[in-house]
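Let's walk through this one together, starting at the ligand and then moving out to the helices. Have the structure open as you read.

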Amino acid sequence: MSIKVINKIDELRETLKELRCESKSIGLVPTMGCLHAGHKSLIEKAHSLADITVVSVFVNPIQFCPGEDYDKYPRTLDDDKIAAESSGADIIFAPSVNEMYPNLQKFSDLTMVVPPYELTDIMCGKSRVGHFDGVETVVTKLFNIVQPDIACFGMKDIQQLFLIKKMVKDLNIPVEIISCPLVREASGLALSSRNKYLSDEDKKIALSLNKALNAIKQGYEIGIKDTKKLFDIGLTNLNKNVELEYLEFVNESNFRHTDEINKATICALAARVGNVRLIDNIVIEV
Ligand code: AMP
């Protein structure tokens, strides 16, 4: 069966209803498109776990803050179709903004899903105020539309992954969240749709993000547990043209800041290279 592109919620529901009647299990991979090898790994994982794999491609306006790149975010549906199909997807769900939010002009009228403040007042949530409200709202809508058995999310967006797992638990949403490893270029740069904006020179500068995280991990491995000291090691490894937004250490289990690494810890950062905001992280196992 060649991949089917569906733009309408009702049509997707109808199609999935029939498949469910045939006892097919459904996997969902939510994306904003411009698919790369990171997305493809999620699609392959969903395909290995479920009978039918749905990839949503939707640049979600309500998760962008004022001044961010919503308008210029790359939209490459024809290429996405090929990438999704070659990774095992059966359906691409690519709704319009109007299909997802028929009344977006009246944003204040929209029911939102809001994660706990304590978990969004750190890392990406601190500078991108309201971002995770937009993410949780669209993901909840996608879960309600698709009703998947499983849904795959990447560890690239580690705060998002934690919040979605928590949301599903807190709101009793019947879907299993599958965490998928962060995929990097051979150079070490974390794959991102936004890498398209980077010049060759920017890419070289951006490599120091991964270098800094690796240096932190090595620092821990030679016995440094104090996260302030590890923070300094990270800083000295960042290229001077990187504008650091944050470099934070949180316990993997509860996403709370930690001063000392004595449990599995996530070290995550966001930084600007030129005008491009990039994120990366590393898990320090204890
Ligand atoms: P996005 O299209 O950026 O919203 O990402 C859609 C999904 O792909 C999210 O679950 C991301 O975490 C995941 N993803 C994006 N980049 C990568 C990557 N380099 N490695 C693994 N997963 C990724």
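This is a predicted model: local features need pLDDT of at least 70, side-chain atom pairs count only at pLDDT 80 or more; totals for chains, interfaces and linings use all residues.

**From the ligand to the helices**

His-39 places a polar side-chain atom 2.9 Å from a ligand oxygen, and for Asp-157 a side-chain N or O atom is 2.7 Å from an oxygen of the ligand. Zooming out a bit, there are 16 residues around the ligand, and the ones that come nearest are His-39, Gly-154, Asp-157, Val-183 and Leu-191.

Now over to the helix packing. Take helix 7, residues 131-146, and helix 8, residues 158-170: they pack at an angle of about 50°, and their axes are 11 Å apart. An angle of that kind is neither roughly parallel nor roughly perpendicular, so helix 7 counts as oblique to helix 8. The crossing of helix 7 and helix 8 is right-handed. On the helix 7 side you'll find Phe-132, Val-135, Glu-136, Val-139, Thr-140 and Phe-143, meeting Gln-159, Gln-160, Leu-163, Ile-164, Met-167 and Val-168 of helix 8. Sorted by class, that contact has eight nonpolar, three polar and one charged residues.

Helix 7 has another partner in helix 1, residues 9-21; these two pack at about 50° with axes 9 Å apart. That angle makes helix 1 oblique to helix 7. Here Ile-9, Leu-12, Arg-13, Leu-16 and Arg-20 of helix 1 meet Asn-144, Ile-145 and Val-146 of helix 7. The residues of this contact split into five nonpolar, one polar and two charged.

Key
Residues are numbered from 1 along each chain as its sequence is written. Side-chain values use heavy atoms; hydrogens and water are left out. Axes are lines fitted to C-alpha atoms, for helices over the stretch in contact, and angles run from 0 to 180 degrees between N-to-C directions. Helices (H or I, at least four residues) and strands (E, at least two) are DSSP runs, numbered from the N terminus. Angles under 35 degrees count as roughly parallel, over 145 as roughly antiparallel, 65 to 115 as roughly perpendicular and the rest as oblique. A crossing is left-handed if the near helix is turned anticlockwise from the far one by less than a right angle, and right-handed if clockwise. Contact means heavy atoms within 4.5 Å. Ala, Val, Leu, Ile, Met, Phe, Trp, Tyr, Cys and Pro count as nonpolar, Asp, Glu, Lys and Arg as charged, and the others, Gly among them, as polar. A residue is near a molecule or strand if one of its heavy atoms lies within 4 Å of it. A polar contact is a pair of N or O atoms within 3.5 Å; within protein, one must be able to donate a hydrogen and the other to accept it, and residues adjacent in sequence count only if both atoms are side-chain atoms.
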